Amino acid sequence: MASRPITSWQIDGEAMETLSRVLDLPPENLIKSISAVPISRKEEVADFQLSVDSLLENNNDHSRPDIQIQAMRLAEKLKCDTVVSEISTGQGTVNFKINRELLTKTVLQQVIEDGSKYGLKSELFSGLPKKRIVVEFSSPNVAKKFHVGHLRSTIIGNFIANLKEALGHQVTRINYLGDWGMQFGLLGTGFQLFGYEEKLQSSPLQHLFEVYVQVNKEAADDKNVAKSAHEFFQRLELGDMQALALWQKFRDLSIDEYMRIYQRLGVHFDEYSGESFYREKSQEVLKLLDSKGLLQKTLKGTAVVDLSGNGDPSSVCTVMRSDGTSLYATRDLAAAIDRMEKYNFDKMIYVTDKGQKKHFQQVFQILQIMGYDWAERCQHVPFGVVQGMKTRRGDVTFLEDVLNEIRLRMLQNMASIKTTKELENPEETAEQVGLAALIIQDFRGFLLSDYQFSWDRVFQSRGDTGVFLQYTHARLHSLEETFGCGYLNDFNTACLQEPQSVSILQHLLRFDEVLYRSSQDLQPRHIVSYLLTLSHLAAVAHRTLHVRNSPPEVAGARLHLFRAVRSVLANGMKLLGITPLHLTSRRQLMSQQSPIDTSECFSPKGKCLNSLKLFQNILLKEN
């Protein structure tokens, strides 16, 4: 676990000085060995722990005495003060419990003051240089409908770009379209044989998809069709105006369709690039490879780069066809060189499925042997395959069909509620909740793992889902809308000493560690797990720490706590690419003139049993 900087929590006084003196280590070395203690539902835990084993890693004493004995000896030498109220030992740790009122005041003030930057101003990130980062993601194939296979690249790349931007880096988001290659030879020939201009204008990607399927079948049976396709692509490579005009039409129509999908997903790009941009520069790469003696001709007339140096077939990368036209790898080499000249990046991240792992290994290796030392700044973030993502209509899994199905199912879940129609935009609400469900299911595990998609799991009433996150945020937002104006000026820390409050405060304390872990391995699962736990803690607190009918001091303190939870929840959701839900309607459906009944929605431990029912209960409360 990443260490938690404690100086920002005012613990750099007597306790830190004592630790520093006893261990004969500077305070900054201690910070690296201290972390927040994960919350426990079974018992109250300390706030921070000092890992004795971590301290001894840098100790020149190779005898390494028993860790537990060392922890106990150290704890005996330390004394409580106005900040540290209790010192104890754990498994190889010295644990510190912070003065509860100080903990409450400091954490809540920090969350409110830092706002969207909470956790990002941590000392974990101090001193880290701001970098120029290029993220290439999504990259659908032009003239083909946006397949769900590109969904993972899109949402993962968006998350990585969001996180890097939040940390203050200069991020350039590139959509590198698959807009060149032999498939356009097939498509150009196919459109000439089977295409209709009227269908192209009315439903461009659907018509092009149908044409592509049909011409592939014809090319498999008729060598003349395959030959025509090859000749069409050669004409493209040579700059034939007529062929290029048709290709440009396909490209423009495709991008228009994609941008509509990206708008629904809440994703944007700084640059729409593509393989076609590098058809000429790829020839320059071939010449450069040849001049360096790296290009080898095969008996078939193709050109390859031998990465093994001894002719190992498994280490050969083909960079030119026998007719002299470029390949995917050649164009990727040209694109990387061009981007370094254009952006002078410190890091370039490619987000694609794990099937392209070898391709990127070869591209990076060729760049290295060409003399480009900056190739080590290039990183491939691979992900596994989603299996079983099918709509009710059949097996063709186009992303737009999936998004439509998500929205439809959410609307159906809400259809039985008489007040749903009062929402200002029920379709948008349904889509945002559905997208959250989709993203959370995708991000809960390791990105590299394949997983079986399940519609039932996305909208399940039991378990940790994006639906639960959205409804938790909506419920907390409604509290602020109803009570916030008169209470959020100041608060009494003594009113937030219940176990439920303390657990939330301890968990809020860990947010920067979670951000740090995700920034190191680019895995969103750390943030997902944190937000789901925060939501469960909020659910328990919402049931037991009532705002209505409480004394003003108590109500104000609890509103501050819930406001902090909602703020951190929103921050994390936005990093994941989820738009937090703010539910409003013409009849103020979020009003809580009477308490919302959550008794059927939570177990005694606060586990959400029926998040859809919870949301329905929220919607049913009217002025």
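Reply: Two strands are said to pair if DSSP finds at least two bridges between them. Please keep in mind that this is a predicted model.

Me: How do you know that strand 8 pairs with strand 9 (residues 303–306)?

Reply: The two are joined by 2 bridges and run antiparallel; since pairing asks for at least two bridges, strand 8 and strand 9 count as paired.

Me: What makes strand 8 (296–297) and strand 10 (316–320) edge strands?

Reply: The open sheet has 3 strands in the order 8-9-10, with antiparallel pairing. Strand 8 and strand 10 each have a single partner strand, so one side of each is left without a neighbour in the sheet. Strand 9 and strand 10 are paired over 4 bridges in the antiparallel sense, and D306 has V316 as its bridge partner in strand 10.

Me: Which residues of strand 9 point one way and which the other way, and are they buried or exposed?

Reply: From strand 9, A303 and V305 point one way, whereas V304 and D306 point the other way, and all of them are buried.

Me: What pairing is found in the sheet of 5 strands, and in what order do its strands come?

Reply: That open sheet runs in the order 7-6-5-11-12 with parallel pairing. Its edge strands are strand 7 (271–274) and strand 12 (378–383), each of which pairs on one side only, and the twist from one strand to the next averages 25°. Within this sheet, strand 5 (residues 132–136) and strand 6 (residues 170–177) run parallel and are joined by 5 bridges, with V134 standing opposite T172 of strand 6. Helix 11 (residues 241–265) packs on the sheet, where it touches strand 6 and strand 7, and its direction makes about 135° with that of strand 7. Helix 6 (residues 149–166) lies across strand 5, strand 6, strand 11 (347–353) and strand 12, and runs at about 165° to strand 6.

Me: Why is Q283 called partly exposed?

Reply: The label covers values between the 20% limit for buried and the 50% limit for exposed, and Q283 has a relative accessible area of 30%, so it is partly exposed. Q283 is found in helix 12 (residues 281–291), and, leaving aside residues up to four places away in sequence, it touches E237, G324 and S326.

Me: What makes the approach of Q283 to G324 a polar contact?

Reply: A polar atom of the Q283 side chain lies 3.4 Å from the backbone oxygen of G324, and the cut-off for such a pair is within 3.5 Å. Q283 and G324 are 41 residues apart in sequence, while their C-alpha atoms are 8.9 Å apart in space.

Me: How many of the 623 residues count as buried, as a percentage?

Reply: In this chain, 56% of the residues count as buried.

Notes
Residues numbered from 1 in each chain as written. Predicted model: local features only at pLDDT ≥ 70, side-chain atom pairs only at ≥ 80, totals over all residues. Heavy atoms only, no water. Buried < 20%, exposed > 50% of the residue type's maximum accessible area, 1.4 Å probe, protein only. Contact = heavy atoms within 4.5 Å. Polar contact = N/O pair within 3.5 Å; in protein donor to acceptor, adjacent residues only side chain to side chain. Axes fitted to C-alpha atoms, helices over the stretch in contact; angles between N-to-C directions.
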